[in-house]
Amino acid sequence: MSVREFVVLGTASQVPTRHRNHNGYVLRWDGEGIMFDPGEGTQRQMLRAGVAAHDLHRLCVTHFHGDHSLGLAGVIQRINLDRVPHPVTAHYPASGQRFFDRLRYATAYRETVRLGERPVAAEGVLARTPSYVLEARRLSHPVESFGYRLVEPDGRRMLPERLAAHGIAGPDVGRLQREGELNGVTLDDVSEVRRGQRFAFVMDTRLCDGVHALAEGCDLLVIESTFLDEDERLAADHGHLTAGQAARVAADAGVRHLVLTHFSQRYSDASEFERQARAAGFAGELTVARDLMRVPVPKRA
């Protein structure tokens, strides 16, 4: 049975706190693991969350500020120490190649795993697999930053009542799915399009076109809300979003489940992020992220 869930390893902005580790996130998607923005302490958080190096297939870094990338060195070395049997691919802004190189070879270790480097130089498709297409969109931050979007290809949902009306049952259903037509009956006659699931990861950014493009139609949107609305000017100055801004993006984009994260240490009451997100008009499922929590990708509608 396929598992699709989002594992939160850390939720702090800039510096860790007593209750929040630096950033770190893993998306489990049909047997693959995609790690996003491993900040300092990520390897420790993986242990606490039950995420193994063997679970990881891709490393996606939005930008090279320390709270989003300092954990890369430890994660890469752990992948090699544990001799992960499959290739691992790293995506990161091409403009930060020197930072990636320094982190990859921060200390001496034995390389045992093929780590592919696929730096992101422009918006567009980064990878295609049978389960998803991985895309990147440019964000607005003081250093170059990209957000990531994962889209499952559309499928078909067979309709039992139409199959029965055409007398199609048993192995003939599989034949029709494979061949597209059976005895004059087409797939369109007995099925409908099943929209593929969509996930997006949006970190440090001001409001920009990339934010809206990433969020559009997402089943699960993970987005930074570093500041509360009363500090909107501060958010803009430093290249961040507020809780209300993130929620309005989600509402406009038709997001089903919104996850807010990346919180400034200046706030002690996380419930205020939820209150402001609701006040901004988001009516879907809403989660204010906590370290080590797991968020399931919503079931298909």
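1. Basis. The model is predicted: local features need pLDDT of at least 70, side-chain atom pairs count only at pLDDT 80 or more, and totals for chains, interfaces and linings use all residues. Residues are numbered from 1 along each chain as its sequence is written, and side-chain values use heavy atoms, leaving out hydrogens and water.

2. The sheet. Seven strands form an open sheet in the order β6-β5-β4-β3-β2-β1-β18, with mixed pairing. Strands are DSSP runs (E, at least two residues), and helices likewise (H or I, at least four), numbered from the N terminus. Two strands pair if DSSP finds at least two bridges between them. At the edges, β6 (115-117) and β18 (294-296) each pair on one side only.

3. β1 (residues 4-10) and β2 (residues 24-29) run antiparallel, joined by six bridges. Glutamate 5 stands opposite arginine 28 in β2.

4. The largest nonpolar core. It has 30 residues. Such a core is a set of buried Ala, Val, Leu, Ile, Met, Phe, Trp, Tyr and Cys residues joined through side-chain atoms within 4.5 Å. Buried means under 20% relative accessible area (1.4 Å probe, protein chains only). Leu221, Ile223, Val255, Leu258, Leu260 and Phe273 touch the most other members. Elements supplying at least two residues each include β14 (198-202), β15 (220-224) and α11 (271-279). The largest share, six residues, comes from α10.

Technical notes: Buried < 20%, exposed > 50% of the residue type's maximum accessible area, 1.4 Å probe, protein only.
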